[in-house]
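Visitor: I've got a chain on the screen and a few things I'd like to ask. Could you walk me through it?

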Amino acid sequence: MFLGFLLVGGGWEGFGWVSPYSFLHFTLILVRTRMIELSAIRDLVAIFGVIAGFSYYVLTVRNAQRTRDLTLKAQEQAVETRQLQLFMQLYEKTIAKENWTAHLEILNEWSWKDFNDFWNKYGEDNNLEAWRKLTTTCAHFEHIGLLVRDGMIEPKRVWDFYGFFLTNL
């Protein structure tokens with residue numbers, strides 16, 4: 001504000017004005033400096049507004065990323081949970097008494113020399129009950145294979161639970 005007085009052209013002796021129009025000069029300078037102060041304040045408010053807007057944008061983007069990551073993680077956990085539920089349903093079907101008995105009978109009691117011998121002993125025309133056990137067992141493992149192929153069940157998990165049957169069939 002003091003520099004404003006000097007720029008208008010008022011004289012200076014000590015700390016006061018010597019001109020008879022010093023009041024007019026003082027008023028004009030005061031108005032000019034207030035205008036400068038108001039424009040500076042307006043500019044600062046605009047700058048702070050831009051900074052606040054940018055900060056809000058950055059926080060919003062970070063929050064959206066965090067939300068997206070959490071949603072993706074929740075979806076992955078839901079898929080894994082569903083896969084485990086599906087696998088446990090298949091495993092329960094496998095160890096059901098009727099299916100378990102059929103599996104063990106096929107593995108331990110059935111024997112044949114060649115295809116004709118197999119067909120005569122366990123074929124659809126000669127032994128319908130044995131054929132039903134064989135097709136049920138094969139269909140069960142076929143469905144598990146399809147689920148592995150489509151990525152619904154992990155191959156390692158199938159091997160861990162069914163490796164005994166798969167190596168002995």
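Here is a short chat about the chain, its cores and its surface.

Visitor: To start with the overall fold, how many helices does the chain have?
Guide: Keep in mind that this is a predicted model. From the N terminus on, the elements run α-α-α-α-α-α. There are zero strands in the secondary structure, and the helix count comes to six.

Visitor: Which element gives the most to the largest nonpolar core?
Guide: That core has eight residues: Leu86, Phe87, Leu90, Phe141, Ile144, Ile153, Val158 and Tyr162. The elements that put in two or more residues are H2, H5 and helix H6 (155-168). With three residues, the top contributor is H2.

Visitor: How many residues are in the other core, the one with Phe118?
Guide: This core lies apart from the largest one. Its members include Phe118, Tyr122, Ala130 and Leu134, and its residue count is six.

Visitor: Which residues does Phe87 touch, leaving out those up to four places away in sequence?
Guide: Phe87 is one of the residues of the largest nonpolar core, and so are some of its partners, including Ile153, Val158 and Tyr162.

Visitor: Is Lys133 buried or exposed?
Guide: Lys133 sits in helix H5 (residues 128-149). Its relative accessible area is 17%, and the cut-off is under 20%, so Lys133 counts as buried.

Visitor: Which side chain makes a polar contact of 2.5 Å with Lys133?
Guide: Leaving out residues up to four places away in sequence, Lys133 touches Ala102, Glu105 and Ile106. Among these, the side chain that joins Lys133 through the 2.5 Å polar contact is that of Glu105.

Visitor: Why does Phe48 count as exposed?
Guide: Phe48 is found in helix H2 (residues 22-94). Together with Leu44, Ile47 and Ile51, Phe48 makes a nonpolar surface patch of about 400 Å². Exposed means over 50% relative accessible area, and Phe48 qualifies because its relative accessibility is 53%.

Visitor: Last one: among contacts with a separation of 6 or more, what share comes from residues 24 or more positions apart?
Guide: Here the count is taken over the contacts in the chain with a separation of 6 or more. Residues 24 or more positions apart account for 52%.

Notes. Residues numbered from 1 in each chain as written. Predicted model: local features only at pLDDT ≥ 70, side-chain atom pairs only at ≥ 80, totals over all residues. Heavy atoms only, no water. Patch = residues over 30% accessible without salt bridge, like charges linked within 9 Å, V, L, I, M, F, W, Y side chains within 5 Å. Areas by Shrake-Rupley, 256 points an atom, 1.4 Å probe, with all protein chains shown as cover. Salt bridge = Lys/Arg side-chain N within 4 Å of Asp/Glu carboxyl O. Helix = DSSP H or I, 4+ residues; strand = E, 2+ residues; numbered from the N terminus. Buried < 20%, exposed > 50% of the residue type's maximum accessible area, 1.4 Å probe, protein only. Polar contact = N/O pair within 3.5 Å; in protein donor to acceptor, adjacent residues only side chain to side chain. Contact = heavy atoms within 4.5 Å. Core = buried A, V, L, I, M, F, W, Y, C linked by side-chain atoms within 4.5 Å.
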